[in-house]
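Please read it alongside the sequence and the structure.

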Amino acid sequence: MLKKIFPTLGRFRFTVQIVMLFVTVYGGALLGSYTVDRISQALPSLACAFDKQTADHCILIVNQHQLHHRIGEALVKAQEITLKVFVPTLISVATFFAFFFVLNKAFCGWVCPMGTVQELLYRIGRRLGRPLNRFKPDNVERVRPVKWLLLLVLVLGLPLAAGMGYAANELGDPYCQVCPSRLATTLLTADTEQIALRTGTNINFFLGALGNAMFGFVVIAALAVRQPFCRICPLLSWNAMFQKLSPMRLVKKQYDKCEKCGVCEKACPMDIHEIGREHGNKAFHEDCTLCGRCAEYCPDDDVIQIRFFGIRLFGSSRDYYKTRVKRESPEGMPKNRVIWLKQAK
Amino acid sequence: MKRNQLMLGVLLAITSASAGAAESAPSATESMAAMAHSGHDHAAMMGMGKPMSWTAYPTLKVKSSGESRERMVAIVVPQNIAADGIDAWSNNLIDENGRRRLPLDMAGAKLDKPTSGGFHWLAAREEQDSAVRVASSVYYYGERGAANPTDMFMHQKHELEIVPQPYPREHSRYRANEDWKFLVRFNGQPLPEQKIVLETSNGSRSELISDAQGVVVVSIPDDFKAETEGKKAGHGRPGADFVLAAEHADGGKNYLTAFNAAYGKSAFDQRSIAMGLGFTLLGMLGAVPLLRHRKAKKNDAPEQKAEA
């Protein structure tokens with residue numbers, strides 16, 4: 001029965017993504033207005049607190065607020081720093097980890113509404129016959145540090161500096177001001193407030209303009225590039241700090257044919273070239289979102305697996321691969337489906 | 001350095017003292033006149049119920065106490081009502097702190113943050129002869145995993161009540177130009193076609209009528225004047241207060257209930273949709289080249305040629 005409804009891991013993940021899109025964008029309207037206070041308030045995905053109907057919100061806004069209003073202010077009055085200053089932050093991180101422990105970075109690949117929106121746009125791009133712009137290994141290497149930079153500067157550094165009085169108060173939550181999920185999720189609820197640019201101060205204006213321009217870029221780029229924003233998302237780097245601490249893992253064993261194959265690399269929406277060339281810990285890369293596509297498109301039995309506490313949840317197999325490629329190419333091109341807009345010859 | 005700090009301290013003390021005097025002087029006289037409508041001087045009777053200048057209706061002023069990072073105690077000050085205590089309901093009604101009686105002293109009543117956290121319904125009640133007056137408001141302590149407050153809001157607490165449907169949740173608040181629903185009920189039953197009065201500290205006043213289900217939709221007025229910022233409603237944002245009041249007679253008694261809360265400027269204050277869309281469009285244009293099919297180059301690998 002389940003196999004009929006979900007013939008592939010991809011279909012199952014897509015269903016989970018759509019359900020989670022509703023929970024993280026409209027969950028408050030579906031489950032009650034006050035649900036947002038009652039789940040985690042520290043979700044490891046970009047569910048946005050600015051969305052008035054979300055059922056939960058991401059850890060990054062909590063971090064920024066706590067660094068701004070609690071730790072930063074307390075550091076200024078250094079003699080008054082006590083453990084209780086850090087307790088709310090510790091509780092937030094612990095709550096985040098309680099969720100993260102179970103699913104690890106599947107929060108990126110299965111739950112994050114911004115990830116789902118980008119995947120939907122990419123699917124539309126395939127139907128529209130748009131090209132696929134893949135990142136070559138050297139390009140990927142150049143982009144990867146950006147997510148760490150955004151985490152350090154926008155999520156941790158500036159809010160702390162604002163709390164300590166070294167930066168303007170408007171820099172208390174700078175990441176939220178540029179986050180495309182803030183615009184995507186609020187627009188999905190027909191709320192136009194967030195896309196309207198704040199003009200109160202130069203900092204507001206600059207951050208808003210940057211955020212809107214980035215959102216516009218991501219929306220169009222996602223038609224031809226897989227997960228364009230995920231590559232620089234600070235939540236990906238935040239999650240990467242904890243990914244080795246969760247029992248949910250991507251496991252790849254050493255296999256001779258891998259060097260000549262490379263199908264899993266093509267299937268990876270994050271262009272993680274290491275998945276084809278490495279094995280063991282190096283294959284479970286910091287950019288991995290545990291979407292499972294590499295395991296789905298690996299043509300050999302059990303070379304790539306998703307494991308929880310060592311238990312195999314899903315593993316590659318030749319038979320599965322044959323079925324999978326009949327439906328969709330590793331790059332995400334649907335087979336035997338209508339392409340709405342074919343390339344002009 | 002120490003000398004500078006001392007000077008600053010003295011300066012701050014003088015400034016705050018003079019500001020306090022400036023605030024209290026006009027409000028005292030104005031509110032005495034305002035309270036004369038009910039026939040007696042509530043403030044003088046109890047030494048409580050500090051007068052409020054912008055409305056004659058009973059209200060509760062709630063303010064955080066201590067350092068902002070602690071936020072463990074709130075002070076509740078009844079205004080325009082002579083009550084001997086504040087009743088506080090927490091969002092977890094079956095908890096031992098589900099309903100508490102907070103004693104009043106000259107500074108107000110202290111509301112400690114219970115472990116259950118979340119939303120608190122606060123009310124002061126005064127009964128004089130045949131007149132029953134209630135002031136009510138809501139205070140929120142941020143708390144992860146707090147119980148759903150819907151039951152607490154819907155639980156009957158007084159005879160005549162104005163209940164938010166819903167109250168703004170965390171990261172949200174009442175704002176100008178927004179519509180919010182309130183349920184008016186008497187002894188737990190909805191009151192259809194009940195007159196409700198809305199007054200704001202910015203000077204607006206309007207009257208509304210509840211529908212057949214006792215629900216009234218309140219449009220928060222955009223009455224902030226450009227030259228006055230008003231008070232700060234958290235995160236340094238300008239804010240003001242509103243009160244909703246209803247009166248109802250039953251069984252020879254006259255019931256008056258009021259619900260007050262803070263509200264902020266319109267969501268689109270100091271925002272520009274045109275510029276927002278402009279920059280979004282700019283970003284979109286920047287990504288357009290990615291949508292074009294590239295031509296295969298001479299030195300492309302076979303795979304790249306196939307892709308192109």
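The notes below treat the basis of the model, then its cores, then its interface.

## Basis

This is a predicted model, in which local features need pLDDT of at least 70 and side-chain atom pairs count only at pLDDT 80 or more, while totals for chains, interfaces and linings use all residues. Residues are numbered from 1 along each chain as its sequence is written, chains are lettered from A and ligands numbered from 1 in the order in which they are written, and side-chain values use heavy atoms, with hydrogens and water left out.

## Nonpolar cores

A nonpolar core is a set of buried Ala, Val, Leu, Ile, Met, Phe, Trp, Tyr and Cys residues joined through side-chain atoms within 4.5 Å, where buried means under 20% relative accessible area (1.4 Å probe, protein chains only). The largest such core has 74 residues, and A:Leu46, A:Tyr175 and A:Leu250 are among those with the most contacts inside it. At least three of its residues come from each of domain 1 (8–237) and domain 2 (247–327) of chain A, with bounds taken from an automatic or database domain assignment.

A second, separate core of 38 residues includes B:Tyr140 and B:Phe182.

## Interface of chains A and B

Contact (heavy atoms within 4.5 Å) involves 59 residues from chain A and 46 residues from chain B. The buried area, meaning accessible area (1.4 Å probe) lost by two parts on being put together and summed over both, is about 4,600 Å², and carbon and sulfur atoms give 54% of it.

The rule finds one salt bridge across this interface, a salt bridge being a side-chain nitrogen of Lys or Arg within 4 Å of a carboxyl oxygen of Asp or Glu. A:Glu193 forms a salt bridge with B:Arg175, with the closest N and O atoms 2.6 Å apart.

Note on methods:
Buried < 20%, exposed > 50% of the residue type's maximum accessible area, 1.4 Å probe, protein only.
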